[in-house]
Structures are given as C-alpha cells and as structure tokens.
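Visitor: Good morning. I am new to this structure and would appreciate a guided look at it.
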Amino acid sequence: MQVAAPNPDLPAQLRVTPENPIRWIVVGQLLDAKNRRVLQHAHLIYDQNQIRYVGTAAPEAAILKDQKTPDLILPHHTALPGLIEGHSHTFLEGAELAAEKRADYQKQDPQTLYQRAATRLHPLARLGIIALRDGGDKDQVGLRLSRLTAAPDCPPFTARVFSPGAGIHRQGRYGGFFGKPVEDHADIESCVRARVAEGADHIKIVPTGIINFAKGQVVAPPQFSVEEIHQFRQAAHAQQKHLMAHASGELGVGYAIEGGVDTVEHGFFITDDQLARMRARNISWVPTFSPVQEQVDHADLMGWTGPTLDNLHRILENHARSLQKALARGVNVLVGSDSGSCGVAHGAGLFYEMELLERAGMPTLEILCQATHGNNRVLTGNRPFGSLEKGFKPRFIVTLDNPLETVRNLQRERLVVFDGAAESSATVSLENL
Ligand SMILES: [Zn+2]
C-alpha cells in the first residue's frame with residue numbers, strides 16, 4: 001500500500017474544470033451520514049452542480065462515458081459531507097471577549113454589520129462549514145445574507161445562511177440585542193406573519209432569560225407563557241417554518257416544551273422528565289456547550305473566581321449528564337455552537353462545540369452525522385446538501401486525519417470541495433471571524 005504524504009496538488013486534482021467536467025475519486029472511507037454508516041473504499045463522482053454517484057461498487061459505465069479508471073485514489077483519506085452550524089449569530093464577532101469592544105462592535109450601522117458578516121461566509125465555507133442556521137439579529141443582516149446566499153448566482157465557497165430575521169422577545173426583557181419585541185405587532189400571529197413576509201427562514205423566540213453565573217441559575221421568570229408559545233408554534237407552522245426557542249432554566253425550558261417549539265436552544269438545567277417529553281414530542285435539542293465553556297476557559301479575563309467558577313463547572317457537568325441521558329432516551333441532539341456569542345468564534349466555534357460534545361460523551365459518528373445530515377433535516381429544511389448522495393450538491397470535506405477517531409481531527413488541515421471548486425482549509429485565516 002502506498003504511503004500517503006501531504007500533497008499540495010490535491011486541491012487542483014479535486015477541482016472540476018472545463019477540461020475535466022466530471023471528477024471520479026476513490027476514498028478509503030466515506031461517511032454516509034443519512035444512513036449513519038461508513039463506507040470503505042468508496043467511489044465518489046461529481047461535477048460542478050451535483051454528486052453523480054456514491055458507492056462501494058464500481059460505477060456503471062453510463063455515468064462516465066469513456067473513463068475506465070478513477071482520477072484520484074486516496075486510500076487513507078476520509079470524505080464526509082460539509083458541516084452545518086446549527087446556531088450562529090452571524091452579525092457578531094465571536095472571538096472578541098472584551099465586553100466594551102463587543103458593545104462598540106454592535107453600535108456599527110447595519111450596512112457595516114452586514115458587510116462584515118458577509119465577509120465571513122467565504123472563509124467559513126473554505127473551512128468546511130457550508131451552511132449556518134442563524135439565531136437572529138435586529139438589523140436585517142441575517143435576512144440579507146439569506147437572500148444573498150440563496151441567489152442562483154451566489155459564487156462558490158459561500159456558506160448558505162438561514163435566518164429568522166429578528167428574534168422575538170418580550171418588551172423590556174432579554175433579547176434586545178438580537179431581537180425585537182412581540183409588542184411591535186398587534187398579536188403573535190401578525191408578528192410571525194411579518195417575519196415571514198420579511199423573508200425569515202424560521203422563527204426564533206426568546207422564552208427565557210440567560211443564566212446568572214454568580215447565582216448559578218436562571219433567575220428571571222419566563223418571558224412567554226405556554227399558551228403564548230403555543231400560538232407562536234401554530235403561527236410558524238401555518239407558514240411552514242420551524243420554531244427555534246432560546247430556553248434555559250427548568251421552568252422556562254418546560255414552558256417551551258409544553259408550548260411545542262421545534263428546537264430547544266441551550267436548554268441548561270433541563271430535567272430528565274423534560275428530556276422524555278422532548279423525545280415524545282419530537283423536539284430537537286441544540287445544547288450549545290461552547291458559550292459556557294468559553295466562560296470557564298477565560299475565567300481570569302471574565303473575572304470569575306470562587307463560587308461563580310464552581311457554578312460554571314457544575315452547570316457544564318450537569319449539562320454533560322443531561323446530554324448522555326438525552327442520547328440514551330433517543331432525543332434528537334443537534335450541533336450548534338452559538339457562534340458570535342462571547343468568545344465563540346465563527347468557524348472555530350463549531351469545531352470546538354463538536355469537541356465538547358465528544359468530551360461530554362456523544363459518540364463521534366453521531367456528532368458527525370448530526371452536524372451534517374441531522375442539522376439539515378431539522379434546521380435548514382432538507383436541502384440537497386449535508387449528505388453525500390446522488391443528486392446532492394458536491395459540498396464536502398476530504399481529510400487525511402480520520403475524523404471518526406475523534407472530531408478533533410477535523411481541526412487539522414483538510415480539503416474542501418464546494419460546487420466543483422476545491423481549496424485547502426490551511427489557506428484560511430481564523431482571525432476576525
Ligand atoms: Zn444564540
């Protein structure tokens with residue numbers, strides 16, 4: 001067997017060109033995320049627009065006209081679908097930790113915020129993140145990115161953005177920096193209709209506040225009642241949109257579940273009974289370990305010591321236990337980092353979240369399948385990506401470092417194919433994401 005060495009020509013060999021409009025590669029492993037299995041020695045044939053064939057058997061001659069042998073054999077590489085970030089605030093600069101600088105950043109005018117967010121989409125795609133499900137902003141940044149990236153003439157290597165427009169919160173309560181109050185509208189139904197009319201891909205509500213780290217719990221009462229959340233659900237579903245709910249704290253998480261949201265975001269302090277209810281009601285969970293872990297990782301800078309730091313550790317430990325119980329119960333756990341929130345950089349944040357899920361006990365294969373096909377099924381509306389299937393978009397990762405051993409291997413250099421273009425992730429600077 002030949003020994004694999006780093007090959008600087010690989011991106012060129014994976015690229016679709018006018019001379020080579022169809023590429024036929026063979027990889028040592030291929031992640032079939034839809035069927036939760038790994039194919040060995042798999043063929044993958046693609047052109048600029050779609051995947052033409054995936055399988056372990058040699059392709060039929062009709063697919064390839066005269067070609068008899070593959071363009072490229074990579075016996076030590078793994079191919080997997082492009083990743084989908086399940087929870088992003090694309091308008092924010094995540095890596096920044098200083099509260100003052102974060103506040104200043106958000107004071108920029110909407111056009112500047114939009115331009116800065118738009119510049120993130122190319123490096124993200126080149127890192128292998130092909131789509132983002134946004135958690136909201138109040139300046140139409142996400143809606144504009146959604147329109148930009150859905151356009152047929154959108155250039156390759158642009159991550160697709162799915163936006164709820166502004167999140168919806170209770171006037172005077174948490175959520176003002178990424179949302180607008182429901183009170184801007186006559187009632188819940190007209191609020192949801194207005195979001196959809198503006199172009200929202202899904203509806204984001206903020207039924208609870210956030211964790212008070214010093215107290216180690218969610219102190220504020222829920223913002224919306226079960227009945228109100230149910231009205232959001234009915235209005236969103238009437239428009240074929242899923243309902244995404246920021247919720248932490250036992251009381252508020254319970255309201256969200258009983259109200260019938262589609263996804264619980266964060267879900268800190270969730271109980272075992274609530275996990276069972278989520279399974280029964282087919283509600284997905286995006287646990288977002290990253291924003292709390294970042295507080296621990298940078299405790300010195302954030303000023304957390306003593307009992308507050310103990311609280312943070314305890315919250316994360318309980319969250320990991322809940323994750324294990326959720327998986328044992330069959331709850332649909334999805335992968336999103338809350339990138340853009342304090343310390344959670346775009347790009348690196350998703351890879352770190354996958355690492356944190358793995359550390360907390362989620363099986364590696366499960367993480368990879370959920371960050372691709374699983375996220376696409378629930379969060380981005382079953383688009384033709386996030387899975388290596390015939391007819392799907394050729395947007396995938398090829399890596400020498402086996403991600404099935406540990407998701408941490410995805411943080412090493414990898415190749416990304418995006419609609420016939422191909423680049424190495426090593427060309428991307430993680431700065432300013
Ligand atoms: Zn968020």
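Visitor: Which domains does the domain assignment give for the protein chain?

Guide: Please note that this is a predicted model. The assignment gives domain 1, made of 10-82 + 385-427, and domain 2, which covers 83-378.

Visitor: How many Å separate the centres of domain 1 and domain 2?

Guide: Taken over C-alpha atoms, the two centres are 30 Å apart. In the contact, domain 1 takes part with 28 residues and domain 2 with 23 residues.

Visitor: Which strands supply at least two residues each to the side of domain 1 that touches domain 2?

Guide: Those are β4 (72-81), β14 (395-399), β15 (415-418) and β16 (421-424). By class, that side of domain 1 has 13 nonpolar, eight polar and seven charged residues.

Visitor: Let us turn to one residue of β4, Ile-73. Is Ile-73 buried or partly exposed?

Guide: Ile-73, which lies in strand β4, counts as partly exposed because it has 15 C-beta neighbours inside 10 Å.

Visitor: Where is Phe-269, and what is its phi?

Guide: Phe-269 is found in the loop between β12 (263-266) and α10 (272-281). Its phi is positive, about 75°, although Phe-269 is not a glycine. With 22 C-beta neighbours inside 10 Å, Phe-269 counts as buried.

Visitor: A change of topic, then: the helices. How many helices and strands are there in the protein chain?

Guide: The chain has 15 helices and 16 strands. Its radius of gyration is 22 Å, close to the 22 Å that the globule rule gives for 433 residues, so the chain is as compact as a globular protein of that length. Along its principal axes, the C-alpha trace spans about 65 × 45 × 45 Å.

Visitor: What percentage of the residues count as buried?

Guide: Of the 433 residues, 51% count as buried. As for contacts between residues at least 6 apart in sequence, 68% join residues at least 24 apart.

Visitor: Back to the helices. At what angle do α14 and α15 pack?

Guide: Helix α14 (residues 348-359) and helix α15 (residues 364-378) pack at an angle of about 145°, and their axes are 9 Å apart. Their crossing is right-handed. The contact is made by Met-354, Leu-357 and Glu-358 of α14, together with Thr-364, Ile-367 and Ala-371 of α15. By class, this contact has four nonpolar, one polar and one charged residues.

Visitor: And α11 with α13: is that crossing left-handed or right-handed?

Guide: α11 passes α13 in a left-handed crossing. The axes of α11 (residues 290-297) and α13 (residues 306-329) come within 10 Å and cross at roughly 145°.

Visitor: Which residues make that contact?

Guide: From α11 they are Val-292, Gln-293, Gln-295 and Val-296, and from α13 Leu-312, His-313, Ile-315 and Leu-316. The contact of α11 with α13 has five nonpolar, three polar and no charged residues.

Definitions and conventions. Residues numbered from 1 in each chain as written. Predicted model: local features only at pLDDT ≥ 70, side-chain atom pairs only at ≥ 80, totals over all residues. Axes fitted to C-alpha atoms, helices over the stretch in contact; angles between N-to-C directions. Helix = DSSP H or I, 4+ residues; strand = E, 2+ residues; numbered from the N terminus. Left-handed = near helix turned anticlockwise from the far one by under 90°. Contact = placed C-beta atoms within 7 Å. Nonpolar A, V, L, I, M, F, W, Y, C, P; charged D, E, K, R; others polar. Domains from an automatic or database assignment. Rg over C-alpha atoms; globule rule 2.2 N^0.38 Å. Buried ≥ 20, exposed ≤ 12 C-beta atoms within 10 Å, placed from the backbone.
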